[in-house]
Amino acid sequence: MNFRPTIVAFLCNWCAYTGADLAGTSRLHYAPNVRIIRIMCSGRIEPTFILKAFKEGADGVLVCGCHPGDCHYQEGNYKCLRRFKLLEKFVCQMGIEKERLKLEWISASEGKQFAELVNEMTAAILKLGPGKVQKTLELEHLKTN
Amino acid sequence: MSQELTKPKLKLAVYWGAACGGCCVSVLDTHEKLLDIVAAADLVFWPIAMDIKYKDVESMPDKSIDLTLFNGAVRNSENKHMAQVLRQKSKILVAYGSCAYMGGIPGLANFFSKNEIFKRAYEETESTVNPEKTVPITSVQVKEGTLEIPLMFNDVFPLNQVVEVDYYIPGCPPQSERLIEVFSVISAGTNLPPAGSVVGANDKTNCDECKRKKSDKKKVKRFYRPWEIQDDKETCFIEQGVICMGPATRGGCGVRCVEGNSPCRGCYGPPQGSSDPGAKMMAAIGTMIDSNDPDEIDEIIEAIVDPAGLFYRFSLPGSILGRKVL
């Protein structure tokens, strides 16, 4: 069966989402695997959102915010960065490959960079294969052995 | 004869699954109040204190037990069987203690698979000599017949992943005075909280009750493990750089660990409205790290040696991911 990765992307309203929008209005072609969720600021992202995405079957999770210093709310992206780094360590401990979780800064003018980022991440996940969180939970429900 | 005297006594059962026995002891820790409990209720089943067989419980009529306190996680087929039997026989089934509530300490086994655990326990431990690699099997034929032991599951489950649970009383173990409060509400039988509630605990976090000095802006440059630093006994642990689970833990225990100058370990589970204490804790701690430089952040986080084990000490099976991905 052809594996088509699902990547859940949390994009901040002010930079990254506008950047993704620019990729669209510029008619750039990029991998259709990304499901974009717009949030007001990358600082709003809680680890819960990302863990839930994995549990619901995401093969990868992408978080994008404004470049350091550019946050619309002054320092939301720094907060995101700190949480992200801690979460990344936890996620690796839980047996989820590091490549499945990515944080990148995308400005409103970086439509091209966004398209490239999605292509790169999709390729990396294609190489890894499907995420195993759901499969593990399904096994768990057999409750035996 | 007044109605009060004819009112039948409640039937109470206490059972342990994968537990250490501490929860049963917390029932005994009600001290002389235990006499009040016994005055209001007949203990019909309590393996740690009474000689009664499983088949006696199995032969009780359905819904004949008024209240069952189930402590311990579900680790093997015996735990699961008794959880199902007690669900059927009980009017109110309470997940009593952290293990029944979210998996607890036995739930840390979900960081490994059953195979890994067996390999470590029966082959690799320093004190083991087992050249034939003998491991437990569930059934063996001897000349008198078949001997059977319960099957250990691959995973540890909180009680509500196996049967429906009416109430949860968190804690490792739950504070005995809170048990008495809950027991009096249930024995009165009026104003019962909605099914599925966490009872015997507060809605807000431990920080809300903690008396240590706290500033508005928590900023941490370096994390310490508790033995690496001299606690000043009055400032918030996190502000001193020691990770305390207070921000992601439900209050109700009376902040006993912090009162005893030890950081909160999170046994009361997440506060109201949150399902995953570890994720909450990562959100809280992440924001407190005092740096904007990626390399420095890495350095600060390095001091948190085992975030998964630390933040999910009592709650791994009940958390969003539930176990390590296999």
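In this predicted model, A:Ala9 sits across from A:Ile36 of β2(A). The two strands involved, β1 (residues 7-12) and β2 (residues 34-39) of chain A, run parallel and are joined by 6 bridges; strands count as paired when DSSP finds at least two bridges between them. Together with helix α1 (residues 16-25) of chain A, β1(A) and β2(A) form a right-handed β-α-β unit, meaning that, with the strands pointing away from the viewer, the path from the first strand over the helix to the second runs clockwise.

Chain B holds 12 helices and 10 strands, taken as DSSP runs (helices: H or I, at least four residues; strands: E, at least two) numbered from the N terminus. Of its 326 residues, 42% are buried, that is, with 20 or more other C-beta atoms, placed from the backbone, within 10 Å of their own. Chain B averages a pLDDT of 92, and 98% of the residues score at least 70; pLDDT is the predictor's confidence in each residue, from 0 to 100.

Turning to the interface, 27 residues of chain B meet 30 residues of chain A, a contact being two residues whose C-beta atoms, placed from the backbone, lie within 7 Å. On the chain B side, the elements giving two or more residues are β8 (152-157), α10 (277-288), α11 (294-302) and α12 (307-311). The largest share, 6 residues, comes from α10(B). The model scores ipTM 0.90 and pTM 0.91.

Residues are numbered from 1 along each chain as its sequence is written, and chains are lettered from A and ligands numbered from 1 in the order in which they are written. Local features need pLDDT of at least 70 and side-chain atom pairs count only at pLDDT 80 or more, whereas totals for chains, interfaces and linings use all residues.

Key:
Buried ≥ 20, exposed ≤ 12 C-beta atoms within 10 Å, placed from the backbone.
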